[in-house]
Structures are given as structure tokens and as C-alpha cells.
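Here is a short briefing on the spaces, cores and strands of one protein. Look at the structure first, then work through the points by topic.

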Amino acid sequence: NPARPRPTQDTMPDHPTAAPGDKLMQRFEDLDDPRRQSGRFQYPLQELLLTALCAVAAGAEDWVDVSEWGEFKLEWLRRFLPFERGIASHDTFSRVFAMLDSVRFEACFRSWMAQICPSLAQEHIAIDGKTLRGSRTADGALHLVTAWHCGKGVTLGQIRTQAKSNEITAIPELLAGLDLRGATVTMDAMGCQKAIVQQLVDEGAGYIIGVKNNQPTLAQAVQGLLEQAPARADGRTWHEHSETDKGHGRIETRRCVVCHDLSAIAPVLQDWPGVRSVVLVQSTRQPVRSGRFGPRSTEQAPEPSWRYYISSEVLDAQTFNATIRAHWAIENDCHWVLDVNYREDACLIRRDHGPHNMATLRRIAQNQIKLDASKGSQKTKRKRMGWSDDYLQGLFGLTPGSVSHAQTSSDG
């Protein structure tokens with residue numbers, strides 16, 4: 001076989017197929033510099049933001065990395081902003097991003113994503129939370145509730161809470177910041193609250209929401225109805241679908257049962273607006289091990305699990321099964337990638353707004369990579385941003401003069 005040709009500067013994809021970062025920096029021009037009241041600062045906020053954004057995209061994991069990357073890339077950064085005093089120390093980055101209003105910074109990020117995804121109609125939006133374990137202090141760790149666009153594989157926005165139990169209050173705020181008309185929103189049982197369901201209906205969104213014993217009356221009614229499923233679905237009020245997949249050391253069988261005739265539990269559902277279907281997903285996982293003649297099942301007994309859902313949608317069992325499974329992309333393609341590629345849980349930034357602002361920087365970088373249609377994995381593209389100034393510049397849509405700056409005080 002002929003040897004694989006080595007990539008050259010001419011063949012490397014230095015220019016992304018799209019520039020999702022175009023005008024991203026302009027979104028941050030209205031951010032208030034938290035040092036403005038003192039009037040004593042040497043490094044303009046726009047310079048700190050530009051350095052941090054590009055450094056995190058190129059592989060930086062903390063403020064020491066950001067400052068170090070900036071020192072190596074100073075001449076390149078000066079194409080876009082003066083950097084008259086060079087690159088700030090890691091202490092300056094830490095102090096400024098700890099002071100910078102994370103809610104305003106997050107609002108700028110969400111505004112940018114609203115421009116990229118102007119309509120969410122017919123799209124699948126997953127809601128789930130993630131704890132940043134390295135941010136833990138005496139008051140607990142930062143917990144972020146995220147809205148994930150399952151089709152594009154990008155984060156649309158996030159809301160911070162101080163504990164997972166506070167997701168119930170954070171979810172309505174997150175939903176209110178998105179235009180969900182015509183979208184289908186999925187979430188686990190933490191979001192199974194009457195007020196949240198009513199909000200989704202009021203906003204014109206469909207929903208598929210997990211049901212557990214945090215709503216015991218609803219859970220008992222849904223479970224009881226689905227246990228009455230006929231041996232053969234009639235394809236009208238009852239639907240059933242099964243599929244089997246093999247991978248990751250196991251064989252998984254998923255059986256989905258759907259009921260559209262909810263008259264038997266109508267009294268229970270009267271306080272749950274818009275429910276038109278109830279769903280059961282039964283999963284059975286059989287571990288397998290490699291053998292001389294191929295994979296073989298182990299002697300370990302299968303581990304069945306049952307999950308129940310309410311939904312405003314009227315779909316067949318196959319579609320429900322696929323949509324519910326797609327929800328977990330927020331775990332596999334977002335949270336897992338942030339922990340493995342960006343080492344989010346290992347990051348020990350804990351000071352004030354610092355953990356939330358760094359998390360926003362990571363999600364901007366992750367979105368930039370996902371929106372670039374050129375070939376390569378997320379891991380490879382992130383390395384490419386560290387290797388190629390042209391690729392990084394193209395991905396962020398940066399051109400000389402594209403980033404505005406203001407004169408600032410240089411005392412102290």
C-alpha cells in the first residue's frame with residue numbers, strides 16, 4: 001500500500017468551512033469592566049477577553065495556561081488589538097474574571113447563539129444539569145443547568161445554581177431565555193413540575209419529561225396504565241417498538257410502549273397541561289466479553305430498568321424511543337466531552353464568578369468546533385487551533401480592526 005502523504009501547510013484545513021465566531025467579540029463590547037469604578041487598570045477588558053477566548057479554544061485549562069499562551073501569541077494578538085502593555089499575568093486574569101458579572105457574560109453568549117440558531121422550531125432541545133466538581137468550596141460546588149441543541153450539538157445557554165436540588169428553580173429561568181416555539185424539550189424527572197410543564201405549553205413547546213417518585217401520584221397512575229398494555233399493540237391507542245444494539249461491551253435491548261388513550265388517568269392529569277401520551281422504555285443490558293470465536297455473553301444476568309415519561313407529543317413508539325435516546329447526547333456529547341477534552345471537573349478555579357465564566361469560555365470553544373463543518377474530531381480541531389493561527393483566526397472570524405477597543409486608564 002502506498003504510504004500516507006504527510007500533511008503540508010497547503011493541505012492543512014487552516015480555514016474553517018464556516019466562521020461561526022464572526023462578530024462574537026462584538027457581543028462582549030457592552031460588558032461592564034468591573035474595575036471601572038477604581039479607574040486603575042493596565043489591561044483593557046477586550047484584550048483579556050480575546051486572549052482568554054482564543055487560549056481556551058486552543059487548549060488552555062486555567063488562568064496560568066491563558067497567560068502563558070498569550071505570551072507566546074502576543075504578536076498574533078496584536079493584529080486585532082494594541083496590547084500596548086503586553087499580556088496580563090495569570091493573577092490579573094484570575095482577579096478580573098472572578099469580578100466579571102457571569103450573568104451578563106452568559107447573556108452575551110446566549111445572544112450570540114440566538115443569532116446562530118434564530119429558530120428552534122422542529123428542533124430537539126435537551127435540558128440537564130452538570131456539577132463542576134473542581135469548583136467545590138465550603139458553600140458547595142457550582143452546578144450548571146444547560147440547554148443543548150441535539151441537532152447541531154451546541155449549547156444554547158446555561159444557568160448557574162449552587163446545588164443540583166436547585167435545578168427546579170433554575171429550569172424556568174433557562175427556558176424563559178429561549179424562543180422554544182415549535183421545539184420539543186426533553187428533560188429528566190427533576191423537571192417534572194406542574195409549573196415547568198405549564199411554562200412549556202405557554203411558550204408553544206412540546207415536551208417529553210421523565211416521571212419518578214418525586215411526583216408519586218402521577219408516577220403511580222402512569223405506571224399502572226402502562227402495565228395494562230395489551231400483548232399486541234393496536235397501532236392506534238397503543239404502540240410498541242423494540243430494538244437491540246451491541247457495543248461498548250454489552251448488548252442492549254430497548255422496548256418502548258406508548259399509550260395515547262389517557263381517559264383512565266384523566267383525573268390525575270388534569271393538573272398537568274398538554275399531556276397526550278405516556279411512555280415506557282424498558283432497557284435490558286447483557287454484558288459481553290471477547291472470545292476466541294467472537295463476542296460471548298457472560299453468565300451475569302441481564303439488568304432490566306424501566307423509565308416512564310409524559311409527553312405532549314403524539315408519536316409512534318419508534319419515534320419516542322429515538323427521541324428519548326437522543327436526549328442523552330447532552331451527557332455523551334456535551335458533559336463527557338467537557339470532562340475528557342477540556343478537563344472541566346479537574347479545573348480548580350473556585351473564586352467568585354471565575355468558575356462560571358471559565359465554563360462559558362469552554363462552551364464557546366466547544367460550540368465553535370461543533371459549528372465548523374471541516375473534517376476532524378473535536379479533540380483534533382482543538383489541537384488544530386493551538387497549531388494553526390490561521391485556523392484559529394478563521395474559526396473566530398477575526399480580522400484586523402474587527403475587535404473594537406477603548407482607551408483605558410493605565411494607572412497602577
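Pockets and cavities are found on a 1 Å grid over the protein atoms alone. A pocket is an open set of points with protein on both sides within 12 Å along at least five of seven lines, whereas a cavity is a set of points where a 1.4 Å probe fits but cannot get out. Lining residues have an atom within 4 Å of a point. Grid points are joined across faces, edges and corners, and a volume is the space filled by probe spheres set on the points.

This is a predicted model, in which local features need pLDDT of at least 70, side-chain atom pairs count only at pLDDT 80 or more, and totals for chains, interfaces and linings use all residues. Residues are numbered from 1 along each chain as its sequence is written, and side-chain values use heavy atoms, with hydrogens and water left out.

- Helices (H or I, at least four residues) and strands (E, at least two) are DSSP runs, numbered from the N terminus.
- The lining of the second largest pocket has 10 nonpolar, five polar and three charged residues. Here Ala, Val, Leu, Ile, Met, Phe, Trp, Tyr, Cys and Pro count as nonpolar, Asp, Glu, Lys and Arg as charged, and the others, Gly among them, as polar.
- The largest pocket holds about 470 Å³ of space. Of its 16 lining residues, R250, E252, R254, R285 and R325 are the closest to the centre.
- The lining of the largest pocket splits into three nonpolar, four polar and nine charged residues.

**Cavity**

- One cavity of 30 Å³ or more is counted. The largest cavity contains about 40 Å³ of space.
- Its lining residues are L132, S135, E344, C347, I349, P355, M358 and R362. Five are nonpolar, one is polar and two are charged.
- Helix α12 supplies the largest share of this lining, three residues.

**Nonpolar cores**

- A nonpolar core is a set of buried Ala, Val, Leu, Ile, Met, Phe, Trp, Tyr and Cys residues joined through side-chain atoms within 4.5 Å. Buried means under 20% relative accessible area, exposed over 50%, and partly exposed in between (1.4 Å probe, protein chains only).
- In soluble globular proteins, nonpolar side chains tend to be buried together.
- The largest core has 103 residues, of which F28, I127, L180, L200 and I310 touch the most other members. Helix α1 (residues 45-57) gives the most to this core, with 10 residues.
- A second, separate core of nine residues includes I208, C256, V281 and F320.

**Strands β2 and β3**

- Strands β2 (residues 140-149) and β3 pair in the antiparallel sense over seven bridges. Two strands pair if DSSP finds at least two bridges between them.
- L144 stands opposite R160 in β3.
- The two strands form a hairpin with four residues between them, and G153 in the turn has a positive phi of about 70 degrees.
- Strand β3 (residues 154-161) is largely enclosed by the rest of the structure, because seven of its eight residues are buried.

**Residue Q393**

- Q393 lies in helix α14 (residues 389-395). Q393 is buried, with a relative accessible area of 16%.
- Leaving aside neighbours within four places in sequence, Q393 is in contact (heavy atoms within 4.5 Å) with W76, R79, F80, L398 and T399.
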